[in-house]
Amino acid sequence: MPESSERGALTEAVFYILLSLYTAMHGYAIMQNVKDLSHGRVDLGAGTLYGAINTLLEKNWIRAVEGEEGSRRKEYEITELGKTVIQGELIRLGELIANGKRIAGGESK
Amino acid sequence: MIHVVRKLFWDFEKEEQWLNEMSAKGMALTHYSWCKYVFTETPKNEYTYRIELLDNVPTHPESIAYIRFLEENGVECVSSYVRWIFLRKKSSEGAFDIYTDLESKIKHFKRINTLWNSVMWLEFIVGLANILIGVTNYFNSSSSISLVNVILGGLLILLGLVFLRAGAPIRKKIRKLQQENLIRE
């Protein structure tokens with residue numbers, strides 16, 4: 001796999017889906033997990049999640065894995081490429097937060 | 001108890017809203033066919049309804065996979081009509097939206113806009129062809145069929161205008177969401 005040439009921000013949905021998939025899980029569990037991680041703020045719609053999963057599979061950022069036996073639900077997990085993307089995003093977010101705090105940080109009440 | 005209501009909607013969001021109002025009254029949609037809604041009595045507000053236009057007909061493998069995914073997520077597909085599907089989820093399981101980010105909402109609205117546009121152009125083309133045939137026949141002074149063609153053509157063009165009108169709120173929403181999408185996701 002060549003180095004990712006992706007630039008720019010990940011969407012919130014994609015960022016949280018990728019984070020969730022550091023542990024293999026199926027669609028419904030991803031929704032629950034994202035909701036928990038964001039303390040209820042991000043409530044992914046099934047259509048949005050489905051579209052994101054398919055795009056991420058195509059980009060090879062996640063892959064389908066064998067689910068629990070007897071379960072027909074497909075499970076997914078993050079790939080090495082996906083992890084690289086997350087690391088890149090963390091650096092970008094870190095820069096945003098550092099700059100935000102430095103410039104606007106003292107003004108908040 | 002089963003109730004049948006005949007109604008025509010041009011705006012799927014108003015239709016959604018109406019289905020949810022019916023659900024709040026204890027009437028849950030169980031089947032839809034052209035302008036005909038079949039409701040079954042259920043406890044009040046048992047379900048939240050959403051309507052979606054699919055990329056393909058519901059029997060297409062991609063649609064089947066998508067609907068199965070929805071069902072795994074507690075979303076039930078109660079009825080379908082051409083590419084439209086009627087979905088519901090138990091209200092007790094929390095808010096129910098199919099699309100929750102701007103990008104996927106825009107995609108869905110664009111799909112609907114394309115559908116209305118295609119129907120509109122079809123009506124316009126067939127309508128104009130009919131008028132043309134009618135007028136040509138008139139000048140060839142052949143028969144009385146010409147008037148039938150002209151009237152039919154006129155009606156089809158009117159119908160085309162109805163679809164032009166139906167697409168207007170959708171296009172407005174797309175523009176608004178795209179503008180929003182420039183500054184946030």
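This is a predicted model: local features need pLDDT of at least 70, side-chain atom pairs count only at pLDDT 80 or more; totals for chains, interfaces and linings use all residues.
Residues are numbered from 1 along each chain as its sequence is written, chains are lettered from A and ligands numbered from 1 in the order in which they are written, and side-chain values use heavy atoms, with hydrogens and water left out.

**Exercise 1. Work out the strand order of the open sheet in chain B, and find which helices pack on the sheet.**

Step 1. Strands here are DSSP runs of E with at least two residues, helices are runs of H or I with at least four, and both are numbered from the N terminus. Two strands pair if DSSP finds at least two bridges between them.

Step 2. The three strands of chain B follow the order S4-S6-S5, with antiparallel pairing. At the edges sit S4 (47–53) and S5 (76–81) of chain B, each pairing on one side only.

Step 3. Look at S5(B) and S6(B) (residues 84–90): five bridges join them. One to find is Ser79(B), whose bridge partner in S6(B) is Phe86(B).

Step 4. Helix H1 (residues 12–24) of chain B lies across S4 and S6 of chain B, at about 160° to S4(B). Such angles run from 0 to 180 degrees between N-to-C directions of lines fitted to C-alpha atoms, for helices over the stretch in contact.

**Exercise 2. Describe the largest pocket and its lining.**

Step 1. On a 1 Å grid over the protein atoms alone, a pocket is an open set of points where a 1.4 Å probe fits, with protein on both sides within 12 Å along at least five of seven lines; lining residues have an atom within 4 Å of a point.

Step 2. The volume, the space filled by probe spheres set on the points, is about 1,400 Å³.

Step 3. Its lining has 50 residues, with Gly51(A) and Ile53(A) among those nearest the centre. H3(A) gives the largest share, eleven residues.

**Exercise 3. Find which residues lie closest to the centre of the second largest pocket.**

Step 1. This pocket has about 450 Å³.

Step 2. Of its 20 lining residues, the closest to the centre are Trp34(B), Tyr81(B), Trp84(B), Leu115(B) and Trp116(B).

Notes
Contact means heavy atoms within 4.5 Å.
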